[in-house]
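Please read the following report alongside the sequence and the model.

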Amino acid sequence: MTLNPAKAFAAHSATTPLTFTPIQRREPGPTDVEIDIQFCGVCHSDIHTARSEWGPAKYPCVPGHEIVGHVTRVGAEVSQFKVGQHVGVGCLVDSCRTCINCQAGLEQYCTGGSTGTYNSADKHTGGHTLGGYSSSIVVDQGFVLRIPEGMDLAAAAPLLCAGITTYSPLRHWKVGPGMKVGIVGLGGLGHMGVKLAHAMGAHVVLFTTSPKKVEDGLKLGANEVVVSTDAAAMKPHSGTFDFILDCVSAQHDINSYLKLLKLNGTLTLVGAPEQPLPVAAFSIISQRRSFAGSGIGGIRETQEMLDFCAEHKILPEIEMIRMDQVNEAWERVVKQDVHYRFVIDMATLSA
Ligand code: NAP
Ligand code: ZN
Ligand code: ZN
C-alpha cells in the first residue's frame, strides 16, 4: 500500500488517555474522496468504544464519527465531489451496497454488516478503520455527505451522528403536529432530539436528571421540562405520550418511561448503555406499548437531515476544544457536564 501519512489522537488501551499517534490512510482509489478534517464532534460512543465498554476494542483506537472538512483529492471516477468542497462523514464508511437494506438506503442495517468509521474491519488495509480524531480521512464517495452551502462547519459536525441518530427515529415513527413526544437525557443526542422534534411540530417534553439543565431545555425548544428524579413531577405524564426517544448513555429505569406511553405508544432507545435494561412485562403489556430501538441513519437520510437542518436553521450547541483537551472533555461527558456537544478544532492537532 502506498503511504499516505496522517496525524491522529488514539487510545492504546481501555484505561489510558488518548495520545498523539501517527497513522496511515490509503491513497485515494478511483471512487475515493480525500478529506482534510477541520472539525470532529465528540460522541459518547467514542468513549464507550475506546474504553471497551461495548466489548473489546481494536487498538490503537482512533475515535470520531462526526467529521467535517474539505476535499483535498478525488479519484478519477468521482463525479459528485470537487476539491475544496465542504463535506462530512458520519458513522459509516462502507457497506455491501447490494443487500435489501442497502438498496433501500438503510446502509446502517446492511445484512452483511456495514463498516463503521472507526473500529470496524477495514476492507482496504486489512486492519481496522480509524476515525475522525485525525488530520485527514479517505472515504468512498458513496459515504460522503454534502454540507449545505453557508452552514457553520464546526456546528455542522455533530449533525453527522447526534443529528441523524435522532432525526431517523423521529421520522420513522412519524413525529409531527398533534403528538406528545418525550426526549430523555439532555446530552449530545438529546439536545438534537429536542430541536428536531420541536421543528417537526410536536409537543416536546424533555426528561433530565440534571435540574440545572431545565432552563436550557426550554430554550432549546422543549415545551416542558421534567426532572425525572422528582416522582411528583413524573406522575401527571403517566399514560400520555405518543412517542418517547431515550438518549441516555448509562443505566436507568426504562420502566418509569414506558409507563408514560399511552395506548399503542412507542419508546425507542437510541442510547446504548453497556449493561442490559430490564423491562417489566406489564410495562408493555398495559396499553399495548412498544419498546423499540434505532441505529444512526443511512446516507440518503443523513443528507435529507442536513438539508432539513439548513432549511430550518437548526444547529447543535457546541463547545469548541483543542485536540489536547479531549481527555478532559471525555471526563466531562461522562459526568453529564457537556453543553451540549464538544467539537474538536482539528487545526490544533499536533504532537
Ligand atoms: P451524552 O452527551 O453523554 O448524553 C447522555 C445523557 O444521558 C446525559 O447528558 C444525561 O442527560 C443522561 N445520563 C447520563 N448518565 C445518566 C445516568 N446515570 N442516569 C440517567 N441519565 C443519565 O451522550 P450522547 O453522545 O448523546 O450519546 C447518548 C447515548 O447514545 C450513548 O450511549 C451513545 O453511545 C448512544 N448512541 C447511540 C447511537 C445509535 O445509533 N443508537 C448513535 C450515537 C450514540 P441529563 O443530564 O439530562 O439527565
Ligand atoms: Zn456517535
Ligand atoms: Zn448491505
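This is a predicted model: local features need pLDDT of at least 70, side-chain atom pairs count only at pLDDT 80 or more; totals for chains, interfaces and linings use all residues.

Residues are numbered from 1 along each chain as its sequence is written, ligands are numbered from 1 in the order in which they are written, and side-chain values use heavy atoms, with hydrogens and water left out.

The zinc ion (ligand 2) is coordinated by Cys43 (SG), His65 (NE2) and Cys161 (SG) at 2.0 to 2.3 Å, where donors are N, O and S atoms within 2.8 Å of the metal (3.2 Å for Na, K and Ca), and the site may look incomplete because water is not among the atoms. The spacing of these donor residues in sequence is C-x21-H-x95-C. The two cysteines link distant parts of the chain, 118 residues apart: Cys43 is in the loop between β3 (32–41) and α1 (44–50), and Cys161 in the loop between α3 (153–156) and α4. Helices (H or I, at least four residues) and strands (E, at least two) are DSSP runs, numbered from the N terminus.

| Residue | Relative accessibility | Class |
|---|---|---|
| Cys43 | 3% | buried |
| Cys161 | 4% | buried |
| Val214 | 23% | partly exposed |

An open sheet of 6 strands has the order β12-β11-β10-β13-β14-β15, with parallel pairing; two strands pair if DSSP finds at least two bridges between them. Because β12 (224–227) and β15 (290–293) each have a single partner strand, one side of each is left without a neighbour in the sheet. Within the sheet, β10 (residues 180–184) and β11 (residues 203–208) pair over 5 bridges, and Gly182 has Val205 as its bridge partner in β11.

Helix α4 (residues 162–172) packs against helix α10 (residues 299–311) at about 100 degrees, with the axes 10 Å apart; axes are lines fitted to C-alpha atoms, for helices over the stretch in contact, and angles run from 0 to 180 degrees between N-to-C directions. The two helices are therefore roughly perpendicular, a term for angles of 65 to 115 degrees.

Val214 is found in helix α6 (residues 214–220) and, leaving aside its neighbours within four places in sequence, is in contact with Val225 and Val227.

Notes: Angles under 35 degrees count as roughly parallel, over 145 as roughly antiparallel, 65 to 115 as roughly perpendicular and the rest as oblique. Buried means under 20% relative accessible area, exposed over 50%, partly exposed in between (1.4 Å probe, protein chains only). Contact means heavy atoms within 4.5 Å.
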